[in-house]
Amino acid sequence: MVFSLFRRYLSMGRHSHTSNKVQALYDHCNAIFSPSSTPPPSSQALHKLSSILDTVQPSDVGLSEETTDDDRGHGFFGINQLNRAARWAQPITYIDIHESDSFTCYLVQMCIFCFPTSSVIPLHDHPGMTVFSKILYGSLHVKAYDWVEPPCTVESKGPGHPQVRLAKLAVDKVMTTPCETSVLYPKHGGNLHCFTAVTPCAVLDILSPPYREDEGRKCTYYHDYPYSTFSTQNGPKICDGEEEEYAWLVEIGTPADLYMRSREYTGPAIQL
Ligand SMILES: [Fe+2]
């Protein structure tokens with residue numbers, strides 16, 4: 001996901017390691033993610049990236065599980081409230097490791113999200129993007145959907161009659177370390193997801209290409225309604241008992257209570 005508040009941060013000038021996991025990730029990403037005019041990476045190249053991510057530990061990116069804050073939190077909070085002096089719980093912390101660009105083409109972004117217990121990144125999409133997510137420590141509930149194709153939409157009866165679109169559940173589980181890297185793709189693997197921290201946890205994300213609004217890759221948030229909420233004559237046939245695998249998604253604005261702050265990356269430097 002992208003938040004315009006957070007800008008590119010290149011990890012230069014700190015203690016440098018000639019060999020480290022972040023460098024290995026950067027080097028591999030740099031080799032396989034090319035400008036959009038060239039062929040996409042092979043499945044072998046993507047698998048290798050997952051394999052490298054599988055081995056990453058919190059200390060490899062400058063995190064210490066023991067020192068993470070945990071307020072035993074109470075929900076999620078608003079990025080627009082960052083400047084309020086009085087906070088009653090910890091925010092989600094965003095750490096930008098690296099975002100590469102090649103004149104006009106943004107290719108890859110590496111970042112970390114640190115969650116206090118019960119904090120939530122609401123349901124959102126990754127249009128045209130491939131995202132690798134490696135949980136570094138803790139337990140995270142992941143609920144993810146893919147759009148049903150061809151698109152199936154109905155007009156809701158709510159205020160303004162917004163359109164709702166049918167999506168199919170792809171993931172609905174708690175992931176606890178140690179666990180393998182998960183990958184979502186533009187059309188499958190759970191391109192729309194919601195994260196809820198079961199315990200304090202952290203996720204290392206690699207996005208390619210990153211969000212970029214002027215290229216049509218805008219982060220959109222959604223609310224999901226049970227399948228039974230709306231009906232359509234023209235939609236796909238859903239078998240009895242499978243209704244729970246489907247949901248209607250309606251676009252919403254950026255949740256006002258999504259509370260996130262940025263922090264500087266303190267892990268090993270990347271040699272660009
Ligand atoms: Fe995401």
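## Close-up views of a predicted model

**View 1. H141 touches V174, T196 and V198, leaving out residues up to four places away in sequence.** Here two residues touch, or are in contact, if their C-beta atoms, placed from the backbone, lie within 7 Å. This is a predicted model: local features need pLDDT of at least 70, side-chain atom pairs count only at pLDDT 80 or more, and totals for chains, interfaces and linings use all residues. Residues are numbered from 1 along each chain as its sequence is written. H141 lies in strand β5 (residues 139-147); strands (E, at least two residues) and helices (H or I, at least four) are DSSP runs, numbered from the N terminus. H141 counts as partly exposed because 16 other C-beta atoms lie within 10 Å. On this scale a residue is buried with 20 or more other C-beta atoms within 10 Å of its own, exposed with 12 or fewer, and partly exposed in between, with C-beta atoms placed from the backbone. The C-alpha atoms of H141 and C194 are 8.1 Å apart, although 53 residues separate the two along the chain.

**View 2. Strand β4 (residues 130-137) is mostly covered, with eight of its eight residues buried.** β4 and β10 run antiparallel and are joined by seven bridges. Within this pair, I135 stands opposite V203 of β10. β4 also pairs with β8 in the antiparallel sense, over three bridges; strands count as paired if DSSP finds at least two bridges between them. There, F132 has V183 in β8 as its bridge partner.

**View 3. The largest nonpolar core has 58 residues.** Such a core is a set of buried Ala, Val, Leu, Ile, Met, Phe, Trp, Tyr and Cys residues joined through C-beta atoms within 7 Å. The members that touch the most others are I97, I112, F113, C201, A202, V203 and L249. Strand β2 (residues 105-115) supplies the largest share of this core, seven residues. V203 is in contact with I112, F113, S133, K134, I135, L136 and L140, leaving aside its neighbours within four places in sequence.

**View 4. Helix α1 (residues 21-32) has twelve residues.** From its first C-alpha to its last, α1 reaches 17 Å, close to the 16 Å expected at 1.5 Å a residue. The expected span is 1.5 Å times one less than the number of residues in the helix. V22, L25, Y26, H28 and C29 are the buried residues of α1.

**View 5. Cis peptide bonds join T177 to P178 and S208 to P209.** Omega is about 0° for the bond between T177 and P178, and about -15° for the bond between S208 and P209. P178 sits in the loop between β7 (163-176) and β8. P209 is in the loop between β10 (201-208) and β11 (221-226).

**View 6. S118 has a positive phi of about 75°, although it is not a glycine.** S118 is placed in the loop between β2 and β3 (120-124). It is partly exposed because it has 18 C-beta neighbours inside 10 Å.

**View 7. K187 is in the loop between β8 (182-184) and β9 (192-197).** K187 counts as exposed because 10 other C-beta atoms lie within 10 Å. K187 and W147 are 40 residues apart in sequence, with 7.5 Å between their C-alpha atoms.
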